[in-house]
Amino acid sequence: MINNGWRPAASGKRYPVENPATEENLADVAAGDAADVDNAVHAAKACFESAAWRDTSGRKRGKLLFKAADLLESRLDEMARLETAQNGKTLFESKIEIGMTINTLRYYAGWTDKIVGDTLPVDGPFFTYTLREPIGVVGAIVPWNFPLNIASWKFAPALAAGCTVVLKPASETPLTALLFAEIALEAGFPPGAFNVICGGGSTAGAALVRHPDVDKISFTGSTERGRQVMKMAADTNKRVTMELGGKSPNIIFADADLKSAVRGAQTGIFYGKGEVCAAGSRLLVEKSVHQQVIEQLAEGAKKMTPGDPLDKNTRLGALVSKKQQETVLSYIKKGVDEGAQLVAGGKAAKPNGKGYYVEATVFDAVQPEMTIAREEIFGPVLAVLTFDDFEQGVQLANNTIYGLAAGIWTKDIQKAHRAAKAIRAGTVWINSYNFYDSGAPFGGFKASGFGRDLGREALDGYLETKTVWVGL
């Protein structure tokens, strides 16, 4: 979708999108490359510089976003089924995530007429003030694990701020982005305000990052890819926001409500098949309750039966692709080879004779130096480590290059706040895990990135500050 028009790729090439639960072809989509990106960016720039968009007040932009939210809500079931079909996640999860996308649109629709500057009490005979102005053309590059939801974390605040957008969805999961482009068109966004380019990261994605007329890149993906994006963006001094990988610790202290903690640990790693940046993939358990926790975890994991994602009772869907299934299985093999104890799962599954499923997997006796304790697996694989006391637990939690999220389970509120302050992570959940809200900023420390999605803070990534001095 470029300039409010549907078109094939300039090259005429297309590529298939597969349903990972059935291994069937869902659709063939245009394989965009540098020529298509150039067309989309020129359309976005022309729109940004046009009176039609420049003179659209914040309140009118808000109406467009509210209209898009209403249209998406009217098609929630259709969009959720499409998200499940292309990603393999359960319909239960897809409905939650499309619901959050609707909330994100409405949240930023409400911000559009509340973006303000300040008056500054400077020395001298001056009236000095600041303006907050849109940064320009935004390239949004999003992953395949939450295809439309994470996309909305970027395009909703960008459009609210007055920017124009070129969205590059993951090549595995472009279909809901294309369907949302149809919704944006119906909502009344002017030509060039919202564009979607499908294609690979090394072709369409790289061209978007390198394009001189793109003012900002907002990227969510792996830390390795994020580093590549930053290097490419440096050539044109682009601003970048990075939400990258994680190896998040979920800490169970001995005084926790163990039933709730185990349930939270399972949600933390098995929701979304573990294909979650903030997945609680390292479970740190105080030694005195370790045996109770591991027994409950193993029992719970064995009940997490992979199944048809469209079945309302399924809670563990298919991984996004055969490649990702192979990656996850290779990590499970490394865990076994390096001496971790496999207590649940560990194998591929084909509940309907097809699909890229992996059983809910739990490893015990994991040591900090093991691969499964250090590297992001992005699958339903939990590594359980133990600690002796508070200090060792916090040290173990911080013993990672990542800093995206963390969980803390304890009945001691003082201990909970001490741990939350000591852990270096962008989000810390206490006696809960994996909760998000449009009003709560999300992003990482260390190798998990910088800048924030969601909340008021996300808007800062799409705004420039201009200082104006008026001599009196």
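Reader: Which way do the residues of strand 8 point, and are they buried or exposed?

Author: Lys216, Ser218 and Thr220 point one way, Ile217 and Phe219 the other way, and all are buried. Buried means under 20% relative accessible area, exposed over 50%, and partly exposed in between (1.4 Å probe, protein chains only). The model is predicted: local features need pLDDT of at least 70, side-chain atom pairs count only at pLDDT 80 or more, and totals for chains, interfaces and linings use all residues. Residues are numbered from 1 along each chain as its sequence is written, and side-chain values use heavy atoms, with hydrogens and water left out.

Reader: What makes strand 8 and strand 9 a pair?

Author: Two strands pair if DSSP finds at least two bridges between them; strand 8 and strand 9 (residues 239-243) have five, in the parallel sense. One of the bridges joins serine 218 to threonine 241. Strand 5 (residues 137-141) also runs parallel to strand 8, with four bridges, and valine 138 has lysine 216 as its partner. Strands (E, at least two residues) and helices (H or I, at least four) are DSSP runs, numbered from the N terminus.

Reader: Why is cysteine 47 called buried?

Author: Its relative accessibility is 4%, so cysteine 47 counts as buried. Cysteine 198, at 6%, is buried as well.
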